[in-house]
Amino acid sequence: MGSLLLLGSLPQLYVFGHPLRSVNLLSDLNPKEVVLDTMQTAEDISFPPPPKPAFVETCPTDKICIEDYSDASQRGMMPFYQALEELNYQQRLVRIAYYGDSFVEGDILTADLREMLQDKYGGCGVGYSPITSISSGFRMTTRQIAEGWTRHSIMDSVYFDRSLQDISNHYFKADAKASIRFRGQKRNYAHIDTFYHASFFFTPYDEATISATVNDKEVFSKIFKGNELQVAKVDEKMGSVAFTVQEADSSALFYGVAMDGDSGIALDNFSMRGASGLNVRSVPAKMMRRFYELRPYDLVILQYGLNVATKLGSNYDNYINGMKTTIEHIKEYFPGAGILIVSVADRDYKTPEGEVRTMPGIRNLVRYQQNLAAEQGVAFWNMFEAMGGNESMKTLVDAKPSMANYDYTHINVRGGKHLAGMLFEALVYGKEQYDRRRAYETSP
């Protein structure tokens with residue numbers, strides 16, 4: 001105890017230029033230092049121009065609205081709102097690709113957002129899922145059993161061939177009789193225990209024989225040939241589906257399964273632990289183009305930043321330049337999709353005095369992301385402000401019951417539902433404003 005007390009009197013120590021965390025057992029008894037808003041380090045970061053009043057004329061004080069910076073190319077929210085409008089007079093799927101990092105891993109937040117959107121606009125199923133992933137074991141929206149696969153991910157520490165990956169940054173090799181089985185769940189979320197379409201994505205190259213089983217009954221066994229992305233599809237009401245590779249060349253690649261309804265919302269979670277968003281731009285153009293032909297999206301959501309922000313970070317120019325290429329990649333190969341940047345969430349850390357405060361780099365990064373949206377002519381939603389701004393992650397941790405983990409970085413299932421509700425309200429309000437403007441423009 002005496003040694004620990006003496007450590008508290010030492011000056012700041014550094015190892016290879018990195019500061020060590022201070023040890024101060026009496027930090028709670030010391031007078032608290034007033035810490036100024038760290039946005040003063042971002043004086044050179046200009047505010048983006050105000051969003052064009054395409055949909056949101058005014059924003060209620062109790063909401064954080066989506067800010068649409070779309071230009072003449074209309075790559076903001078319009079494609080998504082138009083797709084929702086089409087649901088009023090035709091049967092179609094409105095597809096959302098939600099890219100993110102570990103903040104939405106395991107379908108946290110996206111599961112609730114999917115349920116809310118399907119409640120309002122229809123739809124069922126969990127969308128696209130890789131054959132297996134790090135989060136497969138704790139994802140509560142589907143139960144999957146994968147046997148006989150070798151998994152390759154862009155986050156692997158060993159060699160990963162980027163030219164082979166799909167849009168979820170995975171590819172899989174199959175052993176003899178490799179199989180994947182998905183069963184919908186109804187315990188935690190609505191609309192996902194049954195679905196009407198199951199699509200298995202793969203590239204057979206020489207030749208592959210695929211069989212499909214629905215509700216434990218085999219429905220087909222087919223031979224597929226070709227060196228481009230293909231789909232083995234089942235179209236009937238089902239609660240479970242399984243695909244088996246009866247025979248395939250060693251060069252064949254396999255990716256994942258999409259489970260959807262006949263109409264309404266389909267939301268695909270493309271989370272990747274440790275990702276910064278730059279991983280999306282590495283997906284080959286051929287794969288992006290072909291996947292979009294088979295599964296076109298109306299909205300692509302990009303939520304990144306947790307793996308980029310640092311305590312002392314104030315300049316993110318290099319990262320933003322990289323994200324520009326990501327957005328340009330999506331624009332080119334997903335030509336009909338709107339793009340929404342969701343800002344980094346609050347992330348807190350403990351100061352040497354023992355206080356929990358927002359990591360200084362977070363506020364800077366939010367400003368950079370908003371400027372990125374304005375420059376690229378896409379939409380932006382400020383999740384940091386929606387959460388409550390500074391120290392809002394601590395508020396979620398301290399909630400009863402808690403809505404975030406004690407790393408002060410990640411939300412839990414309850415926090416996911418809380419934030420999904422805010423994003424859902426922003427999307428619905430934006431659609432309402434779009435409808436009002438459409439009605440005004442078409443009125444005599």
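So, strands here are DSSP runs of E with at least two residues, helices are runs of H or I with at least four, and both are numbered from the N terminus. Two strands pair if DSSP finds at least two bridges between them.

Quick housekeeping: this is a predicted model, where local features need pLDDT of at least 70, side-chain atom pairs count only at pLDDT 80 or more, and totals for chains, interfaces and linings use all residues. Residues are numbered from 1 along each chain as its sequence is written, and side-chain values use heavy atoms, with hydrogens and water left out.

We've got six strands in an open sheet, ordered 3-19-16-15-4-14, and the pairing is mixed. Strand 3 (67–68) and strand 14 (264–271) are the edges, each pairing on one side only. Further in, strand 4 (residues 93–100) runs parallel to its partner, strand 15 (residues 299–303), over five bridges. Who does Tyr 99 bridge to in strand 15? That's Leu 302.

Now the helix pair. Helix 3 (residues 110–121) and helix 9 (residues 413–442) have axes (lines fitted to C-alpha atoms over the stretch in contact, with angles from 0 to 180 degrees between N-to-C directions) that come within 8 Å and cross at roughly 40 degrees. That makes helix 3 oblique to helix 9, since under 35 degrees is roughly parallel, over 145 roughly antiparallel, 65 to 115 roughly perpendicular, and the rest oblique.

On the helix 3 side, the contact (heavy atoms within 4.5 Å) includes Leu 113, Met 116 and Tyr 121, and on helix 9 Phe 424 and Leu 427 are among the residues.
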